[in-house]
Each structure stands twice: as structure tokens, then as C-alpha cells.
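Subject: Handover of a structure model

Dear colleague,

Please find below the sequence and the structure that I am handing over to you. My notes on what was found follow directly after.

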Amino acid sequence: MSHRQFKQRLYAEFARVAQALASDRRLELIDLLAQGPRHVEALAAETEMSLANVSQHLQTLRTARLVETQREGTKVLYRLADDSVLRLWLDLRTVAQSRLAEVGQLAHDFAVGGAEDEPRIPRSALEGLIEGGQVFLIDVRPQIEFESGHLPGAVSLPIDQLPARLGELPRDRRIVAYCRGAYCLFADEAVALLRFHGFEAQRLEGGLPEWRAEGRNVAQA
């Protein structure tokens, strides 16, 4: 094989991954799978796509070895192949945010209650704050995502249940909320609701994917 043939075949393999990522719907599926394994039916419901479309997109991701499958009875469970795929997704987001002004503008336009300008609790400071009894950490993602993996010390309070469960929260500590990541609005909604009801509340910087990508410990139910 000549040097040129080697390069052509090598970059064609790299392009397989790039082509698999070149779809907004497939990126959304990767983002959901970053929260934990899901069945096709759950992914279809979350993304409001048909089962056929979701299956086709997942097959493309599987062909590029970005996702893996596991059969559970009559259903197939999908998950990210490994943490390198998670880091690839987060790096892609970081590059897009730094190079495309539209990303920052969208985040600003859709921020809940001016949350985009609010200071956030650094991930590096969280464990010390929990150990010192200074904060109460809540995970406002759906229960199934919490069970797949969550930050140590977190309590599951899905955003749709939060209004009815405010009585479970302490008023002598700051409430820290987190969700699916930097561009998830669940935590912003939770902080706005908590402040409306008189709680001291703040959002965590990022969410579970960023925490996991940094090699930090992840707890499971």
C-alpha cells in the first residue's frame, strides 16, 4: 500500500464518525444516551420522532461504533459505546459554542428567568459543600436517568414532581439543582421555582455528562 493509499483509507474511516455525527437528530440521541441507556421506544417518545426514524438513526450510530446494544427480552437497549464518545460529544459542543455566536445567543434567548447570567456552583467545589452540610443537591432529571447514574449525594426530584414535593426540601441550606448538562433547562426551571417559594437555590455548573467526562465518581440507584 502506498503512502497516498494509506491516507485515503485512513481518513475515510475518520469520516465515518464525522458522517454519523452530521445530523441534529442523531446528536440529540447521543445527548440522551449520555444520561444512561435507553430503549428505542423511550428515545422516540423523548425526541418526538417515529420508531422507524429513531431506529434508522441509531443504526447509523451503531455502524460507526458510537453506540452499543443489549437485548432485554423483546426490546433492545442502546448505550454510548464508552466515555470517549461522551467526551467527543462534549468537545463538539464546546467548539460550536466558541466558534458560533448563534449557540450563545440561543442559550441566552431560552434561559429561564435570566439564568444564563446567574453564577453557578463549580463542579470542583460541590463535594466539599455537600460534606460540609452547606448545600442540598437535587437531580431534576427523569427518574430513569437518575437510576442509571447520578452525582453522589443527590436526591431525585424530577422537575415535573418538584412543585408537589417542596415540603421535602430543607430551608436551612442552599438547594443546588442539576440536570442533563449545560444546555438543559430543567435545572433553570427548578431554581426559578424554588426561589419563587422562598428557597435559596442555585444551579450546578454543567450536569451529569460533564461530571462523568471529568472522571468523577458516579453513583447508581
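L32 has its place in helix 2; helices (H or I, at least four residues) and strands (E, at least two) are DSSP runs, numbered from the N terminus. The model is a predicted one, in which local features need pLDDT of at least 70 and side-chain atom pairs count only at pLDDT 80 or more, while totals for chains, interfaces and linings use all residues. Residues are numbered from 1 along each chain as its sequence is written, and side-chain values use heavy atoms, with hydrogens and water left out.

L32 is buried, at a relative accessible area of 4%; buried means under 20% relative accessible area, exposed over 50%, and partly exposed in between (1.4 Å probe, protein chains only). Leaving aside residues up to four places away in sequence, L32 touches L43, E46, T47 and R180, where contact means heavy atoms within 4.5 Å. The C-alpha atoms of L32 and F146 are separated by 13 Å, and the two residues lie 114 residues apart along the chain.

Three strands make up an open sheet in the order 1-3-2, with antiparallel pairing; two strands pair if DSSP finds at least two bridges between them. Strand 1 (38-39) and strand 2 (67-72) stand at the edges with a single partner strand each, so one side of each is left without a neighbour in the sheet. Six bridges pair strand 2 with strand 3 (residues 75-80) in the antiparallel sense, and V67 stands opposite L80 in strand 3. Helix 2 (residues 24-33) packs on this sheet, where it touches strand 1, strand 2 and strand 3, and its direction makes about 90° with that of strand 3. Axes here are lines fitted to C-alpha atoms, for helices over the stretch in contact, and angles run from 0 to 180 degrees between N-to-C directions.

In helix 3 (residues 40-47), the residues V40, L43, A44 and T47 are buried. Seen down the helix axis, the buried residues of helix 3 fall within an arc of 100°, so they line one face of the helix; the arc is that of the directions from the helix axis to the C-beta atoms. These buried residues pack against helix 2, strand 1, helix 4 (51-63) and strand 3.

E48, in the loop between helix 3 and helix 4, has a positive phi of about 60° although it is not a glycine, and E48 is exposed, with a relative accessible area of 75%. R65, in the loop between helix 4 and strand 2, likewise has a positive phi of about 60° without being a glycine, and R65 counts as exposed at 61% relative accessibility.

Five of the five residues of strand 6 (residues 174-178) are buried, so this strand is largely enclosed by the rest of the structure. R174, V176 and Y178 point one way from strand 6, and I175 and A177 the other way. Strand 6 runs parallel to strand 4 (residues 135-139), joined by five bridges, and I175 is the bridge partner of F136. Strand 6 also runs parallel to strand 7 (residues 201-203), with three bridges, and A177 stands opposite R203 in strand 7.

Yours sincerely
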